Amino acid sequence: MTRECAVLLPGVCAALADLRQPGLDDTCLEKLLDWFRSLTWFDPTVELVQDNPCLTELITSVLALPDPSPSILSFTLQLAGILASSESRFQHLQQEKLLGRLFGQEGPRGSAAWEDASVRSAWVKGVHSMVHHQPALLFLCSTGGMDVIFTLQGDPSLFVASAASQLLVHVLTFSLESETSKALSTKACDWPACAQMIVKHIQESLQSSSASHIEQSLKLLSSLFGSCFGSCCAAWTEVLWSDIAKQIESFLLEETVQAQPLLANLLLNVARSPVCCGTEGSFWALVTSALEHLTPVQAGPLAVGLLKLCKCPQDVRIQALTVLLQPMDCILRAASQPLECAGLLDESVSDPGTVESLLSSKTTCAGLLCQTLAHLEKLLSLKHLRVDFPCVSLLRSLMTTLQFCNGFLSPTSPLGSTISRNLINCFRVQKSALDVLAALSEEKDCDTLVGSLFDVLLAYLQSPNTSPTVLKKTFQATSKWLVRLQELSCSNSQWQQTEKILEDVFVVLQKRLCSPCWEVRDSSLEFLTAMVKCLRDQKEFRQCLLSSEVLRLTENLLEDPESYVRASAVTAVGHLALITCFAPESPVIGNQYSKESIVAKLQEILSTDSEGFPRRAVISIFTKWLREGCTGQLEDTEQFVSRVIQTVERDLDWEVRLGGLELVEVFCSQTICQLSQCPYAPVSSAVTSSSPQNELLQVFCRAKLFGFLFGSLCDCDKPVGQRACDVLVGLRGHFYPMSTLENPQEIEDSPAGRGIAWLQRTLRQGSLAQNFPMDGGNGVDFQDPESMMLALGAIDLLELHDELNKSSDHVEESPQSLLQDILATVGSIEDNEVDCY
């Protein structure tokens, strides 16, 4: 603790214990506790409380208050727990007879204050902080604290109940790990007292007739096994599991037990822990039983978790996948006559009738399918799934599900008719199925169904009943499968099929670009952009694009009344220009699609659009064009960049200005590459007459880069200043080796030097100087190469860089500032307006 803080602390403690003072803001108290946590973490000695007796005086004063406020009592409980976290400070507080009055039977747990949930929560947190040494464990057991924690597990406040459960996990883990130096007994009855009490409590709760007690213990067990991964946990978790395994098995067989949903999470956490290594056969048999007896909704998360586990046996892994595929198998079988189409599965893990019953019910059908589809999408994203995935059958099942949802399939079986009625226009299932459909585009086994798949997708794209959110998902799946289709066409020459599908897609796209719904127009433009990104090099795609009305319609949407649509149109037009204007062999498609016309339209949007989204999109597209070398020769690029940054530097949207800096950074990098012999080599001397370096400076000055960059250093939005500084530091590194920086004192006598000195002083003011002149005022000519060379060498850009990267609250967040804020606040009748951050 600093001397300044030690001087302020007694006043703060006195104010906290003063009944006449209004309550402090809880945020200030939390910040104060955070400070004490950091102090005690780095220093476990007793000196903190000995050198600052005001801390124990505060605790004593609060305990003496007849009716302390819940916030101050809560603060005191947590503070005492933090201070007692080291054994030496614990003993000191015990000598002062404070801990028993806070956490013992004579403490607040027997008073009216205990009715306040914040006090109960603070008691738990205080004990949690304190229990990091054996004396604290003994204190907890001897004062009846364990019974209090057991009771708080069922507290009506979820925050208190959760904290109590976490505390029990900590106490059991700490008490057993502190025994690792000895040979830990293989019987729980020989464990330390605290651990014995917890295990006994768990066993009694599991065997009780109270559903809530069973639920609490199952949650506690899940947390215990979920937090144990090291080898030191293996011995005691094995003993604990052997004591409860039979009871867990009985829960699986008793279908009336309400706690069944918690069993899946418990078994998964046990499977991840060291337990199953020692009890392998019996544990995996129990997992198999769970997959059979839990409902499909309960078993789904368990199955997914098992499939991610490396140590899961192959037969259990196959069963887990079977559980996940059962609903999709049911869909496939219900859609056709028994012999028309084989299902996904040869046999089921659990009773197929259960899945059929859930899918037949209007209330459970969509929920089960959405959960199943979410699990399957997660599995498809895994790189190494150690089990064969029936991709073709799953794709067929997904197509069937989507046809059920839009009413395009009339099943002949009674079950199929029921499921179809349940799913008609079910947006949730449609979106989930389309997500899995998109994920399957990465699989190589589904090629035979591509034609049928696009029939389903096109039906969704064409249907007026497709909701905007489902349409967006359909577009996303379609773009992924178009890429797959293109790969297939290249390998097996199915050009006609590809061309027909692309033509159909563009017909639908033209219609959707004219939709009265702005969300539909927006997703259509996003779809078009995604297609151009992936397929712009494919001849068939370009032909279909150029023969459609899509280009004209997209340009029309640059004037859409909705700003999101205008922004998406800008992005689409920018990517389309890579085909229509900037490609080496751009097709001749009319004057309105010329490079000059497109650039002019986008520049007009950048300078006149009233909304930020389209302007951000324009600067992003301009940067993309620059990266891809689309802006012509160096002179053309120079003029282009100059015009853009003169527009951007006046923009009120900081993200647009930031985009302008990214454009400048790309331009600088490309220009240096073009004009320097080696793009990464610094020049040999500070002031050089070498032609490439002079030419570089002249290009940058003509483009008016330096005025924009130095002005951005004083931007009121910090990310803009940081990016500008990064660019200038990079330029300085190119023009100046570290040993040849200019000496500011030597150059200050010249007219240019005096301007540079002014610039240095101005930049130190930061955003306060954001309106400083960039047109040569105050003797700084930002378009003079010699002046800018001096500026790069003389101004301390690294110091500016450090200042800009400092957190804005590096002063205000200090403990000293916090203590000063608290002292300034107490005694104020009005609401606390001090910002303790």
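Is the crossing of α19 and α21 left-handed or right-handed? I found that α19 and α21 cross in a left-handed way (left-handed if the near helix is turned anticlockwise from the far one by less than a right angle, right-handed if clockwise).

**Ground rules.** I am working with a predicted model, where local features need pLDDT of at least 70, side-chain atom pairs count only at pLDDT 80 or more, and totals for chains, interfaces and linings use all residues. Residues are numbered from 1 along each chain as its sequence is written, and side-chain values use heavy atoms, with hydrogens and water left out.

**Overview.** I counted 43 helices and 0 strands in the protein (DSSP runs numbered from the N terminus: H or I of at least four residues for helices, E of at least two for strands). Of the 837 residues, 53% count as buried (under 20% relative accessible area with a 1.4 Å probe, protein chains only; exposed is over 50%, partly exposed in between). I also checked contacts (heavy atoms within 4.5 Å): among those with a separation of 6 or more, 72% come from residues 24 or more positions apart.

**Back to α19 and α21.** Helix α19 covers residues 314-334 and helix α21 covers 362-380; their axes come within 10 Å and cross at roughly 125° (axes are lines fitted to C-alpha atoms, for helices over the stretch in contact, and angles run from 0 to 180 degrees between N-to-C directions). That makes α19 oblique to α21 (under 35 degrees is roughly parallel, over 145 roughly antiparallel, 65 to 115 roughly perpendicular, the rest oblique). On the α19 side I listed Leu321, Leu324, Leu325, Pro327, Met328 and Ile331, which meet Leu368, Leu369, Thr372, Leu373, His375, Leu376 and Leu379 of α21. Sorted by class, this contact has 11 nonpolar, 2 polar and no charged residues (Ala, Val, Leu, Ile, Met, Phe, Trp, Tyr, Cys and Pro are nonpolar, Asp, Glu, Lys and Arg charged, the others, Gly among them, polar).

**Another pair.** Helices α6 (residues 87-95) and α9 (residues 134-142) pack at about 45°, axes 9 Å apart. So α6 and α9 are oblique to each other too. Glu87, Phe90, Gln91 and Gln94 of α6 make the contact with Pro135, Ala136 and Phe139 of α9. By class I got 4 nonpolar, 2 polar and 1 charged residues for α6 with α9.

Thr143 sits in the loop between α9 and α10. Thr143 counts as buried because its relative accessibility is 14%. Leaving aside neighbours within four places in sequence, Thr143 is in contact with Phe103, Gly104, Gln105 and Arg109.

**The core.** I looked up the largest nonpolar core, which has 277 residues (buried Ala, Val, Leu, Ile, Met, Phe, Trp, Tyr and Cys joined through side-chain atoms within 4.5 Å). Trp625 is one of the residues with the most contacts inside that core. Beyond four places in sequence, the residues Trp625 touches include Phe582, Ile598 and Leu602.

**Leu602.** This residue lies in helix α32. Leu602 counts as buried because its relative accessibility is 0%. Leu602 and Ile621 are 19 residues apart along the chain, with C-alpha atoms 9.1 Å apart.

**Last stop.** In helix α37 (residues 705-712), I noted that 8 of its 8 residues are buried.
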